[in-house]
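Hi everyone, thanks for coming. Let's look at a structure together, and I'll walk you through a few places in it.

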Amino acid sequence: MTRKIRFYDTTLRDGEQTIGVNFDTEEKVAIAQALEDYGIDAIESGFPAASKKDFNAVVQISRAIKKATVVPLARMVRRDIDAAIESTEDAAHRAIHVFIATSPIHRDTKLHMSREEIIEKIKADITYVKQSVDEIIFSPEDATRTEPDFLVEAIQAAIDAGATTINIPDTVGYDTPDEFGAIFDNLRANIKNYDNYGWSTHTHNDLGMANANALAGIAHGATEIQGTINGMGERAGNVDIIEAAVALKVRHDKFQVETNINLKKSKQLAKFIEKLSHMRIAANKAITGSNAFAHESGIHQDGYLKNPATYEILSPDMVGATATLPLGKLSGSHAVAVKLSQLGYEVTKQDMAAIFPEFKKIAEQTSIVGDDQLETMMTTITEKQVVSH
Ligand SMILES: [Zn+2]
């Protein structure tokens, strides 16, 4: 009974809205290809109405991508919609993503539109898109702060007009996982033929809950996760697709779902996006941070060396990373002995009795003891005839 979960990447749209990030067309095409290679099902290719350059980038991506669906974003404005349709004419698979805000604060202070006017706009514009493109994604922007009854009404109107996937954006990163999951329960209970449509999550990380919310959506009947690589995006960013995909794999016992993601390419893709976005991955970032598989304390290193599963819930190999045991002042003699043997030293327990205090002295003065420092230490000790190389 495993369900298939799709991944929809918006690194090229929401991700590019990250402050200081600006991809050129060539980079956008290269990113789209890397995303397709990673197993992403749909790629949000940009906002073609924004400029000629953005329009052209969507055209180039549409031509380069063969397997994934190419999806430009459009406001419910005819100029945006026409640009989205025109820019994807050459795509092997395409969809158009249209959105309009539905929450009271957006209706009253941003759009100055009544509930009725919004429903009429949804009906008219989705009917218009449907004349040219079959696959239509509809987002009620700020869905998580929209009245539940109006959210149902807006979504039902979109579906009746021809929308095929409904995306639920937690635009401002406000919901908790139980609240976000409950939205899907309510939609399943009130939307006609719920299972005939795609249901997507779009979660932001303002309170650090983007991944928890996306996973709650999946547990409550969503079929797709929208996100970005490295969690790029407006403000605190979107859910990191790599984190979500790995969580679904590691906790298969709980979610019972499959995806098309090539997890082994996770680290490589994260580094590629890091380079092009000039946005550094934090050392303690889940899965792709440089410390994500590093064990420093002596207790952890000893357990890890006896059985990696003592301190690892997934093998770094699964995501194309490698484990490290950096040696520092908290490291124990077990890890030091293993490292020395990797460097080619045959060290007995007796030898370690002499070596370990030397190691501790060096470790006290420096944060991490590197291979070269170990070599120097061993040369000094060898000269004193303690061990043989
Ligand atoms: Zn967003």
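Let's start inside helix α5, where Asp125 and Lys121 both lie, 4 residues apart, which is about one turn of the helix. Keep in mind that what you see is a predicted model. These two residues form a salt bridge, and the closest N and O atoms are 3.2 Å apart. Are the two partners buried or exposed? Asp125 is buried, with a relative accessible area of 1%. Lys121, on the other hand, is partly exposed, at 28%.

Asp149 pairs with Arg115, and here the closest N and O atoms are 3.4 Å apart. Asp149 belongs to helix α6, residues 148–161, while Arg115 belongs to helix α5, residues 115–130, so this pair ties together parts that are 34 residues apart in sequence. Arg115 has a relative accessibility of 24%, and it counts as partly exposed. There is also a network of salt bridges here, linking Arg107, Arg115, Glu147 and Asp149.

That brings us to how the two helices sit against each other. Two packed helices are described by the angle between their axes and the distance between the axes. For α5 and α6, the axes come within 8 Å and cross at roughly 25°. That makes α5 roughly parallel to α6. The crossing of this pair is right-handed.

Which residues of α5 and α6 meet? From α5 we have Arg115, Ile118, Ile119, Ile122, Lys123, Ile126, Thr127 and Lys130. From α6 they meet Asp149, Phe150, Glu153, Ala154, Ala157, Ala158 and Ala161. Sorted by class, this contact has 9 nonpolar, 1 polar and 5 charged residues.

Let's turn to another helix pair, α1 and α11. Helix α1 covers residues 25–38, and it packs with α11 at an angle of about 165°, with the axes 11 Å apart. The two helices are therefore roughly antiparallel to each other. As for handedness, α1 passes α11 in a left-handed crossing. On the α1 side, the residues are Glu27, Ala30, Ile31, Ala34, Leu35 and Tyr38, and they meet Ser266, Leu269, Phe272, Ile273 and Leu276 in α11. This contact divides into 9 nonpolar residues, 1 polar and 1 charged.

Next, a salt bridge in another part of the chain. The side chains of Lys285 and Glu243 meet at 2.6 Å, N to O. Where do Lys285 and Glu243 lie? Lys285 is in the loop between α11 (266–277) and α12 (298–306), and Glu243 is in helix α9, residues 241–250. The pair links distant parts of the chain, 42 residues apart. Both partners are buried, Lys285 as well as Glu243.

Asp175 lies in the loop between β7 (165–170) and α7 (177–190). At 4% relative accessibility, Asp175 counts as buried. What does Asp175 touch, not counting residues up to four places away in sequence? The answer is Thr144, Asp170, Phe180, Ile183, Met209 and Asn213. The C-alpha atoms of Asp175 and Ile159, 16 residues apart along the chain, are separated by 24 Å.

My other pick is Ala216, in helix α8, residues 210–219. Ala216 is buried too, with a relative accessible area of 12%. Leaving aside neighbours within four places in sequence, Ala216 is in contact with Pro177 and Gly181. Ala216 and Thr201 are 15 residues apart along the chain, and their C-alpha atoms are separated by 9.4 Å.

Let me finish by stepping back to the whole protein. There are 15 helices and 10 strands. The C-alpha atoms fill a box of roughly 85 × 40 × 40 Å, taken along the principal axes. Of the 389 residues, 51% are buried. And among contacts between residues at least 6 apart in sequence, 73% join residues at least 24 apart.

Terms used. Residues numbered from 1 in each chain as written. Predicted model: local features only at pLDDT ≥ 70, side-chain atom pairs only at ≥ 80, totals over all residues. Heavy atoms only, no water. Salt bridge = Lys/Arg side-chain N within 4 Å of Asp/Glu carboxyl O. Buried < 20%, exposed > 50% of the residue type's maximum accessible area, 1.4 Å probe, protein only. Axes fitted to C-alpha atoms, helices over the stretch in contact; angles between N-to-C directions. Parallel < 35°, antiparallel > 145°, perpendicular 65-115°, else oblique. Left-handed = near helix turned anticlockwise from the far one by under 90°. Contact = heavy atoms within 4.5 Å. Nonpolar A, V, L, I, M, F, W, Y, C, P; charged D, E, K, R; others polar.
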